[in-house]
Amino acid sequence: MLHFVDSVQEAVVGIKDGSTVMIGGFGNAGQPFELIDALLECGAKDLTVVNNNAGQGDQGLALLIKEGRVRKMICSFPRQSDSWHFDAKYKAGEIELELVPQGNLAERIRAAGAGIGGFFTPTGYGTMLAEGKETRIIDGRGQVFETPIHADVALIKALKADGKGNLVYRKTARNFGPIMAAAAKHTIAQVTEIVPVGGLDPENVVTPGIYVNTIVTVAGSGQSSSTAGKVA
Amino acid sequence: MARDIAPGSFVNLGIGQPTLVSNYLTEEQNITLHTENGMLGMGPEAKGGEIDEDLINAGKIPVTELPGASYFHHADSFAIMRGGHLDICVLGAFQVSATGDLANWHTGAPGAIPAVGGAMDLATGAKDVFVMMTLLTREGASKIVESCTYPITGVGCVTRVYTDKGVFLTGPDGVTVRETFGCTLEELQELIPVPLKAAAAVGLQDQGAP
């Protein structure tokens, strides 16, 4: 069932303690800052968060981590020049990290949305990130068994939605949005604009509305995120 | 290195120094650049009014799009890598072993926070993996080694190593020197702790400093 809501606070109201939350975005592009801020406000804790990174600067996911809401991060690249909140929690032993090669992260998310029980991939074979995992030689190459990553909720950002919940994205802000929308039980999308049914060319729809549950409009959130998401 | 990239290739340039290769690609080469965050047909770094925060590269630097560019989601982007569709990727390295094992993602130092990103996918997926690095560490140790002491990124994946002192081909048969820059094969052999072979087909020639 698709819901259009009036505020980001309303959009995240059902997120419970202990949830696994996927958050779209690669760097600032596609990061749903306003939804993350609303998640911070709503007080949900003990979260497992799936994102490519582990927060940057003093905004968005970084604040969620700083406030101790995140029990575990599943990501590919936590350490950055401005990931100080994650770094501090990690060094204090207050956050669990599951480090996943980026393509395996994407494919594990995709597999969840596609109902795949797992897959063998050459990425990571022979490395410490494959330790303890099942391996096989397939077509002469070493491959590692990887399992899907499911989520209770996905928070994503798109450019436009139509009245059926179909989504289009903008440039490299697309990144994890489409696969996270499919992998989560409940997908919440913030969009710049909602257009009427028929307002998107069906040939250009990237995420079909079947994957989307809640939509909220956030002005300007499809264009630039430089000023978005700063918590006052 | 830029002149070694065959015309019409699809190429991924890693974060940092490898990105500089794009400055030396010519229009005639007709190279299409891939960026792991979901784009083919990436153009040069964006300046001034071109900067668009929805259009960034893997290093999260604003870039531009060229005519004919395409966007796709992350699973598709890594399928392009893993599926063997990229001709070449260019990566930096801490160490490369004689048989082409790559170490470039983690020092393994106690307390270091590991971060891998797309390094393992790139190392495993592209048809050719070119490494660019200085031959020696700051302490003067060879980064071409018998076997990597840092945690590895991929097994037997590196096909060529471009350094300040020479170009090396790596693979199951060990290390072959294709070119030297300002030194002889014998001098290189003194620096590198694995047996070096001279490339018969290409011949050794001093090309001067790169």
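Me: In strand 2 of chain B, which residue is the bridge partner of B:Phe10?
Reply: B:Thr32. Strands here are DSSP runs of E, at least two residues, and helices are runs of H or I, at least four, both numbered from the N terminus. The model is predicted: local features need pLDDT of at least 70, side-chain atom pairs count only at pLDDT 80 or more, and totals for chains, interfaces and linings use all residues. Residues are numbered from 1 along each chain as its sequence is written, while chains are lettered from A and ligands numbered from 1 in the order in which they are written.

Me: In which sense do strand 1 and strand 2 of chain B pair?
Reply: Parallel, over 3 bridges. Strand 1 covers residues 10-13 and strand 2 residues 32-35. Two strands pair if DSSP finds at least two bridges between them.

Me: And how many bridges join strand 1 to strand 5 of chain B?
Reply: 3 bridges, and those two strands run parallel. Strand 5 spans residues 88-91. In it, B:Ile88 stands opposite B:Val11.

Me: Switching to the interface. How many residues of chain B are in contact with chain A?
Reply: 30 residues of chain B, with 41 residues of chain A. Contact means C-beta atoms, placed from the backbone, within 7 Å.

Me: Which element of chain B gives the most to that side?
Reply: Helix 1 of chain B, with 5 residues.

Me: What classes of residue does that side have?
Reply: 15 nonpolar, 8 polar and 7 charged. Nonpolar is Ala, Val, Leu, Ile, Met, Phe, Trp, Tyr, Cys and Pro; charged is Asp, Glu, Lys and Arg; the others, Gly among them, are polar.

Me: Why is helix 1 of chain B called largely enclosed?
Reply: Because 7 of its 9 residues are buried. Buried means 20 or more other C-beta atoms within 10 Å of the residue's own, exposed 12 or fewer, partly exposed in between, with C-beta atoms placed from the backbone. Among the buried ones are B:Phe78, B:Ile80 and B:Met81.

Me: What do they pack against?
Reply: In chain A, helix 5 (102-114), strand 6 (119-121) and helix 6 (177-183). In chain B, strand 2 and helix 2.

Me: What phi does B:Gly84 take?
Reply: A positive one, about 80 degrees, just after helix 1 of chain B.

Me: Over to chain A. Where does A:Ala130 lie?
Reply: In the loop between strand 6 and strand 7 (135-138) of chain A.

Me: Buried or exposed?
Reply: A:Ala130 is buried, because it has 21 C-beta neighbours inside 10 Å.

Me: What is it in contact with, leaving aside neighbours within four places in sequence?
Reply: A:Gly124, A:Tyr125, A:Thr135 and A:Val144. The C-alpha atoms of A:Ala130 and A:Val144 are separated by 6.6 Å, though the residues are 14 apart along the chain.

Note on methods
Contact = placed C-beta atoms within 7 Å.
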